[in-house]
Amino acid sequence: MLANYGYKDGSGDYFITIDTDKCNGCEKCVEACPQTVYEMGEDDSDPLREDPVARVTGEQRKKLKYTCAPCKPYLNSLSGEKTEETMKEIEKLPCVSACELKAITHSW
Amino acid sequence: MAEEEKKEYWRWLESRWTSPDIDWKKGKVISAGVDVGSVSTQAVIMVDGQLYAFANMRTGSDSPNSAQNAFNRALEDTNGLTEKDVHYCVGTGYGRVNVPMAQKAITEIACHARGANFMYGPTVRTVLDMGGQDCKAIRIDEKGKVESFLMNDKCAAGTGRGMEVFSDLLTISINDVGQMSMEVEEEPEPVSSTCVIFAKTEATGLLRAGWPKNKVLAAYCRAMAGRVNELLQRVGVVKDFAITGGIAKNIGVVSRVEKLLDMKALPPKYDTQLAGAVGAALFAKGLYEKIKK
Ligand code: SF4
Ligand code: SF4
């Protein structure tokens, strides 16, 4: 299941999406993120699943634009549009690159 | 209703119901679901996966009591059915870990999806839940399993709480705001603020500027519709589409969402606030059957 966390405001879309079908609960994203955006918790789509999956903390969901800004210097030169260049930069983010199963994507 | 001392415009109607067609004594599995939300609490009793009884009440000051009240109310008028006869109960919603009679708590996303699948049928793929203090867009498969979801709890705009604030401000009963917002000749610009506190200030300004109440309401309902449409676009809208939660009863918001999507919402067969509790009761049935084996 795709769990979308984040919001849209006047300036753009700020969403982190975690594919819980891919996530194996290795916790590498939790360790990699300098701002504790991720935590391990139950899978919202599959309540009977025993193993925890990664999710974005309730507090961070509301302010991702600001929390992630230090990791995203590319936004100064590239627009928030999902161009090929932006996609390449997104892949280099600490959280995205830490996840070997490619379960994490960012919208900006 | 003898409740007329102090006008409380935001008050919506509580309800309860028992199916006249089901004899619970003949049932094999009696399951229950209790959904404790920030604004309302629902308790649902199912007999072999069929809806048997429900109660929909306002949430009180604490979750355990609210859950117990709704549960007791659902059990009234059920031909002698008591708490002891219920085989398994699942709690869900914001207060789900504080449901005293529940054996297990399950997140509301999964329960809403499952409940919508039951209430609107297997063709539903997109569910918009407009609850008391948050709003969710959920994509589901034909079995009611979640494929994608997005929850907005950033602010009260687009929620029942936001609507309550507005009905109070305009001194119009919450049950009438939707209809009233439709009585405008021309659709006004939506209020620009998405935050309910700013929207309130903006509305006060509009009233001072001489706007009639229905026009202010239209502008607010339109803003709410625009806001939830953004959530829906993120998960992607696939037919059929259904709206659950308290705001699903508000024609002013529903018709504007339908217009933005260019798609009709399926007509509700049950009280739209029941989805979470129905889903919880269905999970309860499954869990009971699993331990029985
Ligand atoms: S790094 Fe990827 S697989 Fe590991 S917990 Fe995080 S999201 Fe899941
Ligand atoms: S971009 Fe940086 S701050 Fe944002 S979630 Fe990833 S690692 Fe954490």
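In this predicted model, the shell around ligand 1 consists of seven nonpolar, two polar and two charged residues. The residues that surround ligand 1 belong to chain A and include A:Cys23, A:Cys26, A:Cys29 and A:Cys99. A:Asn24 and A:Gly25 also take part in this shell, as do A:Glu27 and A:Lys28. Among the other members are A:Ala54, A:Leu101 and A:Ile104.

The second topic is the interface of chain A and chain B. The size of an interface is often given as the accessible area lost when the parts come together. Here the two chains bury about 1800 Å² between them, with 56% of that area on carbon and sulfur atoms. The table lists the residues that each chain brings to the contact.

| Chain | Residues in the contact |
|---|---|
| Chain A | 18 residues |
| Chain B | 22 residues |

Two salt bridges are counted between chain A and chain B. A:Asp13 forms a salt bridge with B:Arg234, and the closest N and O atoms of this pair are 2.9 Å apart. On the side of chain A that touches chain B, strand 1 (2-9) and strand 2 (12-19) each supply at least two residues. Strand 1 of chain A gives the most to this side, with seven residues. By type, the residues of this side of chain A divide into eight nonpolar, four polar and six charged.

Strand 1 of chain A also pairs with a strand of the other chain: three bridges join it to strand 9 (residues 146-152) of chain B, and the two strands run parallel. Within this arrangement, A:Asn4 stands opposite B:Leu150, a residue in strand 9 of chain B.

Definitions and conventions:
Residues numbered from 1 in each chain as written. Chains lettered and ligands numbered in written order. Predicted model: local features only at pLDDT ≥ 70, side-chain atom pairs only at ≥ 80, totals over all residues. Heavy atoms only, no water. Near = heavy atom within 4 Å. Nonpolar A, V, L, I, M, F, W, Y, C, P; charged D, E, K, R; others polar. Contact = heavy atoms within 4.5 Å. Buried area = accessible area lost by both parts, 1.4 Å probe. Salt bridge = Lys/Arg side-chain N within 4 Å of Asp/Glu carboxyl O. Helix = DSSP H or I, 4+ residues; strand = E, 2+ residues; numbered from the N terminus. Pairing = 2+ DSSP bridges.
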